[in-house]
Structures are given as structure tokens and as C-alpha cells.
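Visitor: Please show me the model, and let us go through it by question and answer.

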Amino acid sequence: MTDSIKIPPTRPMTPKYFQDPFPTYQWLRDNAPVYPAPVPYGPKHIWMVTRYNDVKAVLVDPRFSSDPKYAGPALKMFTEMLDAFSGAASMNSTDGADHERIRSVAARAFTTRSAARWREVIASAVEQLLDSHASGERIDLMMSYAYPLPIMVICEVLGIPTADQGQLGRWVHAMSSTEPAERANVPVYVRELREYTRATIAAKRAAPDDRLLTSIITACDEEGQLTHEELVVMVAGFFVAGYDTTANLIANGVLALLDHPDQLGLLIEHPDLASAAVDEILRYTDTATSQWRWTTEAVEVAGVTIPAGETVFPVLGAAHRDPTAFPSPNEFRITRRPNAHIGFGYGVHRCLGAALAKLETEVAVPALFRRFPALRLDCERSEIWYKPAMIIRSPAAVPVIPLH
Ligand code: HEM
């Protein structure tokens, strides 16, 4: 770092920043597009990259690794979950040939060919959740709708017994917590989830069915490319990867539509806009705020040299408001076309569950407003508090009154 580095008016990773990161994103794009931001969890900083083209360039450049072995020990906070999974390579913590080897097995089973079946599963889970709420009853949308849905759906898609959903939900919910006491328990939950997954895979081998977990096991056995523990970690990862992400996409989508009644009206009037609406929700709401990468060697980005072994945040949320990529980027328009958002990432690590997560949101958000057309927030908009989460924009609670 040099003395010439400018300081943004609102420092990244502070409570004010988490509440509204967009002015900081703009300042960074304009003044310091590659910025070493101090982090509250250690003596080091992370390099925030905020312009659309630079973010994409980082995500496709192999010198920015997904492997936490390149991370310094001060950043253990970011890697504690991966550490607890250690002993087996996983898709999101490997590069190059290892990544391709693991991903190809999952990709074979995880194709959009299953989308028609997924739609049925999602619609049924959505109806079940909506049926459990009466008009006029105050609920927290997060706990009553957004969080339960992804776990119900992934269990049904993989073929996990309904009776296990509650325990699985408790593990993955605890893993997404930003509370220090809960975070301290994360390695324990990860181990328990891993044990559970190991036992479930054994049960499926003994009694195969027509669901996704059996397909993944079959693909794995036929190709012989994965160790048993790699398979276990991959499957456990599915429970985690789609939980907090999908829940927050749903909640952030509902909030964006309540903030823009004209766009909500348009969506209700034209249900065929649901897919484009979810793309705009992915762009506008900053749900997948950032990814992390580690430099394997010194790399120059936009004229700034990032040394080797540093943590880099390609900030998707900042890229999504870059006016060189999106005209009037601060406007929420569900008809926006083209919409080259990177809300599911970009390059070889692009989200494997993107089609499933998109479909869940496409079904869940319009269905909520169809069932409760007069749904409203039960607090001031400014009272919605966002967790200090560095990679997902996550409202702590969204109190609403569902009304017919
Ligand atoms: C709205 C929901 C979701 C969002 C916003 C999201 C976002 C992302 C992003 C941004 C990445 C890229 C990570 C990187 O570049 O390092 C990613 C990767 C991944 N996602 Fe998702 N995701 C969602 C749901 C899901 C679901 C439902 C699943 C599966 C059940 C899933 C499985 C994965 C996996 C396995 C990867 C790693 C792929 C790889 O490294 O090759 N995600 N996701």
C-alpha cells in the first residue's frame, strides 16, 4: 500500500457500508477501482476490484486462484468452513485440472434437462409454505418463506428423506450465521453434515432411486474420477451452496419489487417476465456480493500491482452498477435487455446450481404476490438491517403482513 491511496467516504466492511454499499461501490469504481480495504478480522486487507470488465478479467485469470492454500493465515476467518471440509478437494476450492475433474461428474447429473421435474417440486414446496400462512398474520419472510424453501427443494431434488430436512436446515442455517458464537461452532456442524452425507450416500448405494443423488453416485462410479471423500464433500456442498444464496435472492427480490410498485405491477400483469425479472434481481440487489480469490503471483489490474498471496474480492455487486456495462445501472427494470449480469459468477466456476436457483426464485417470488397481492412490509424500509456478510447481501429479518 502507498500513501497516495485515497480513502472512500464510507469505509468498506463497516456497519454503514453493509447497510448501503452502493455509494461506496460507485466511489471505488470512480476513484480506486483496485482498492486494498482493511478488514475487521485480521491485520490484513482485501483487494476490492469493482469495475465490470476488471471483475470478469479476475474471474477468468488462473493467476487468481480459488484454492485457499494461497491465503495468508490472517484470513482464516474466510476459510474456516473450507478447512473443516479439508481432506478432500472440492469444486469451489480447486483450480485447473482438479476442478474440471470434479465438476464434470456433477455437471453430468446436474443438467437443465431436469428442469420440468424441478418446477413441479418447487411449485409444490411453494404452495405448502404459502398454505401455512394466513392473510393478516405478521411473519418474518426470511424464516417463514425464503429460508425453508431451498432446503425443501434441494432435499426433494436429491432424494433426501423429508424427516431429515429439519436437521439439515439447522446445520446449514448455522453455517450461514454472522454471529461470532455460532461461527465458532461451524467446524462442528460441518463435520456432522459430512457424517450425515456419508451415511446418506451409503444408503442410496444400497437402495438407488430416480433422484439426483443416485445419478451423481452413478456418474461418479462410472467415471471413477472422484475419491469417496470428494463425493461426500461435493454432495454436502450442495446443501450449503444453495441455501443462504437462494433465500436471500428471494428476499431481496421481494424487497426490490415492494420498493418499485410499477415493476411489481408489470410482473403481475405479465407472468412471462418472471425469468427476466430474476435476472434483474440478480443484477440490482447485490445478492451475490463478491467472490474471493488468491493471487498465485504478483498481478497487475487497472494499473495497480497486487502482490502474490493476497486476497482479492471481485465485487460482483459493484460490477453490476457499472454504467459502462449497464445503462442507468441504479434503475431496477425487469425488462432490461440485454442484461449480462454475473450474479452466478463468471468463467469455469460459474454456479452449477444456477438453473435450479433461478427457477426457485422465478416460481417463489411471483407466487407470493399472487397469493397475497396486498403484501406489505411491517416496518419502515430503513429498519431492514443487513447482516455484516461479506459475500452475500442478507437482510437479517423482513417482517411482512401477507394480505389478500
Ligand atoms: C440464488 C442462488 C445462488 C447464487 C446467487 C449462487 C451464486 C454462485 C456464484 C457467484 C458462484 C461462483 C463462485 C466462484 O466464482 O468462486 C457459485 C458457484 C457454485 N454454486 Fe451457486 N449460487 C446459487 C445457488 C446454488 C445452488 C442451488 C447450488 C446447488 C445446489 C449451487 C451450487 C454451486 C456450486 C457447486 C458452485 C461451485 C462451482 C464451481 O466451483 O465450479 N449454487 N454460485
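**A walk through the predicted model**

Guide: Start with proline 187, which is partly exposed at a relative accessible area of 24%. The model is predicted.

Visitor: Why is proline 187 called partly exposed and not buried?
Guide: Buried means under 20% relative accessible area, and exposed means over 50%. Values in between count as partly exposed. Proline 187 falls in that range, because its relative accessible area is 24%.

Visitor: Which helix holds proline 187, and what separates its C-alpha atom from that of methionine 175?
Guide: Proline 187 has its place in helix α11, residues 186-206. Methionine 175 is 12 residues away along the chain.

Visitor: Now the five-stranded open sheet: which are its edge strands?
Guide: The strand order is β1-β2-β8-β5-β3, and the pairing is mixed. An edge strand pairs on one side only. That describes β1 (34-38) and β3 (64-65).

Visitor: Which helix packs on this sheet, and what angle does its direction make with that of β8?
Guide: The helix is α3, residues 52-60. It touches β2 (45-49), β3, β5 and β8. Its direction and that of β8 make about 130°.

Visitor: Which residues of α3 are buried, and what covers them?
Guide: The cover includes strands β2, β3, β5, β6 (299-301) and β8. Helix α17 (316-319) is also among the covering elements. The buried residues are Tyr52, Asp54, Val55, Lys56, Val58 and Leu59.

Visitor: In what sense does β8 pair with β2, and in what sense with β5?
Guide: Strands of a sheet pair through backbone hydrogen bonds, either parallel or antiparallel. β2 and β8 are joined over four bridges, in the parallel sense. β5 (residues 293-295) and β8 (residues 311-314) have two bridges, and their sense is antiparallel.

Visitor: Which residue of β8 stands opposite tryptophan 47, and which is the bridge partner of arginine 293?
Guide: Elsewhere in β8, threonine 311 faces tryptophan 294. Tryptophan 47 stands opposite valine 312. For arginine 293, the bridge partner in β8 is valine 312.

Visitor: Are the faces of β8 covered or open, and which residues show it?
Guide: In a regular strand the side chains alternate between the two faces of the sheet. In β8, both faces are covered. Thr311 and Phe313 are buried on one side. Buried on the other are Val312 and Pro314.

Visitor: Turn to the three-stranded open sheet: which residue in β10 stands opposite leucine 377?
Guide: The order is β4-β10-β9, with antiparallel pairing. Its edge strands are β4 (139-140) and β9 (376-377). β9 and β10 (residues 399-401) pair over two bridges. Opposite leucine 377 stands valine 400.

Visitor: How many cavities of 30 Å³ or more are there, and what is the volume of the largest?
Guide: The count comes to two cavities. Residues lining the largest cavity include Tyr17, Asp286, Lys387 and Arg393. By class, that lining has six nonpolar, two polar and three charged residues. The volume of the largest cavity is about 70 Å³.

Visitor: How many charged residues line the second largest cavity?
Guide: The second largest cavity has a volume of about 30 Å³. Among its lining residues are Met13, Met48, Ser290, Phe313 and Met390. Eight of the lining residues are nonpolar and two are polar. The number of charged residues is none.

Technical notes:
Residues are numbered from 1 along each chain as its sequence is written. This is a predicted model: local features need pLDDT of at least 70, side-chain atom pairs count only at pLDDT 80 or more; totals for chains, interfaces and linings use all residues. Side-chain values use heavy atoms; hydrogens and water are left out. Two strands pair if DSSP finds at least two bridges between them. Contact means heavy atoms within 4.5 Å. Axes are lines fitted to C-alpha atoms, for helices over the stretch in contact, and angles run from 0 to 180 degrees between N-to-C directions. On a 1 Å grid over the protein atoms alone, a cavity is a set of points where a 1.4 Å probe fits but cannot get out, and a pocket is an open set with protein on both sides within 12 Å along at least five of seven lines; lining residues have an atom within 4 Å of a point. Grid points are joined across faces, edges and corners, and a volume is the space filled by probe spheres set on the points. Ala, Val, Leu, Ile, Met, Phe, Trp, Tyr, Cys and Pro count as nonpolar, Asp, Glu, Lys and Arg as charged, and the others, Gly among them, as polar. Buried means under 20% relative accessible area, exposed over 50%, partly exposed in between (1.4 Å probe, protein chains only).
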